[in-house]
Amino acid sequence: MAKRGKKYLEAVKLIDRDQAYQVEEALELVKKASVAKFDETVEVAVRLGVDPKKADQQIRGAVVLPNGTGKTQRVLVFAKGEKAKEAEAAGADYVGDEDYINKISQGWFEFDVIVATPDMMAQVGKLGRVLGPKGLMPNPKTGTVTFEVEKAVNDIKAGKVEYRVDKAGNIHVPIGKVSFDTAKLAENFETIIDTLVKAKPAAAKGTYLKNIAVSSTMGPGVKVSTASFGK
């Protein structure tokens, strides 16, 4: 087991690991327990009562956080003609087609999110082996394969985050920075949880929100009570 630093061990003392806190109290503890010298990202982790092996219980999507994430996303748009001009006007960082496909195939990854128009997906699909493992492949479910290029770029720049259940039934989503006001973090948190509750598959049985925790990049996790959310 990795050794923990003194600051981390001191931070852990602030938190009762057996207690599930109310949202704002948990977020306050995350802020107090932040030990890094940089502005850490605050993340929510949710354990869902689903079986990700079953197609009808796969949960994936995207949502725009009301207060953003505190990170400026670099957006690459694959589009041609008028849609390329639309992407540039919306503030996309990179816009192109074959030129960027070639750059990526040669190891270029100076971007965070890819948006592609549907007519470009046959070409973008050739990059599946390099984009897939990094979670960068555009997908209609997350709104990144669309002809509504302007909206897609604006949403991403405004704080759109993607969520996807992993093999163990967990979802991890950033909800802001430690420097955010607690109220803004709480609003982002509740937006994520509400979205996940609405995405509950009809086939999911038993308790849906099994566990919820929040943490900063380098800090300890803090359990959040699920009592106030739909289970």
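**Close-up 1. Glu110 and Arg74 form a salt bridge in this predicted model.** The closest N and O atoms of Glu110 and Arg74 are 3.5 Å apart. Glu110 sits in the loop between helix H4 (98–105) and strand E5 (113–116), and Arg74 sits in the loop between strand E2 (60–64) and strand E3 (75–78), so the pair ties together parts that are 36 residues apart in sequence. Glu110 is partly exposed, at 42% relative accessible area. Arg74 is partly exposed too, with a value of 31%.

**Close-up 2. Salt bridges link Lys71, Arg74, Glu110 and Asp112 in a network.** The pair Glu110 and Arg74 belongs to this network. A search of the whole structure finds eight salt bridges.

**Close-up 3. Lys157 meets Asp93 in a salt bridge.** The N to O distance between these side chains is 2.7 Å. Lys157 belongs to helix H7 (residues 149–158), while Asp93 lies in the loop between helix H3 (81–90) and strand E4 (94–96), so this pair ties together parts that are 64 residues apart in sequence. What is the relative accessibility of Lys157? Lys157 has 33% and counts as partly exposed. Asp93, at 37%, also counts as partly exposed.

Close-up 4. Is Asp155 buried or partly exposed? Asp155 counts as buried, because its relative accessibility of 19% falls under the 20% cut-off. Lys151, at 48%, counts as partly exposed.

**Close-up 5. The chain is assigned two domains, domain 1 and domain 2.** Domain 1 covers 6–68 + 160–224. Domain 2 covers 75–157. The centres of domain 1 and domain 2, taken over C-alpha atoms, are separated by 28 Å. Six residues from domain 1 and eight residues from domain 2 take part in the contact.

**Close-up 6. Domain 1 and domain 2 bury about 670 Å² between them.** Of this area, 47% is on carbon and sulfur atoms.

**Close-up 7. Two residue pairs are in polar contact between domain 1 and domain 2.** Both pairs are at pLDDT 80 or more. How many salt bridges cross the interface of domain 1 and domain 2? The count is zero.

**Close-up 8. E2 and strand E6 (160–164) each give two or more residues to the side of domain 1 that touches domain 2.** E2 gives the most, with four residues. By class, this side of domain 1 has two nonpolar, one polar and three charged residues.

Methods:
Residues numbered from 1 in each chain as written. Predicted model: local features only at pLDDT ≥ 70, side-chain atom pairs only at ≥ 80, totals over all residues. Heavy atoms only, no water. Salt bridge = Lys/Arg side-chain N within 4 Å of Asp/Glu carboxyl O. Buried < 20%, exposed > 50% of the residue type's maximum accessible area, 1.4 Å probe, protein only. Domains from an automatic or database assignment. Contact = heavy atoms within 4.5 Å. Buried area = accessible area lost by both parts, 1.4 Å probe. Polar contact = N/O pair within 3.5 Å; in protein donor to acceptor, adjacent residues only side chain to side chain. Nonpolar A, V, L, I, M, F, W, Y, C, P; charged D, E, K, R; others polar.
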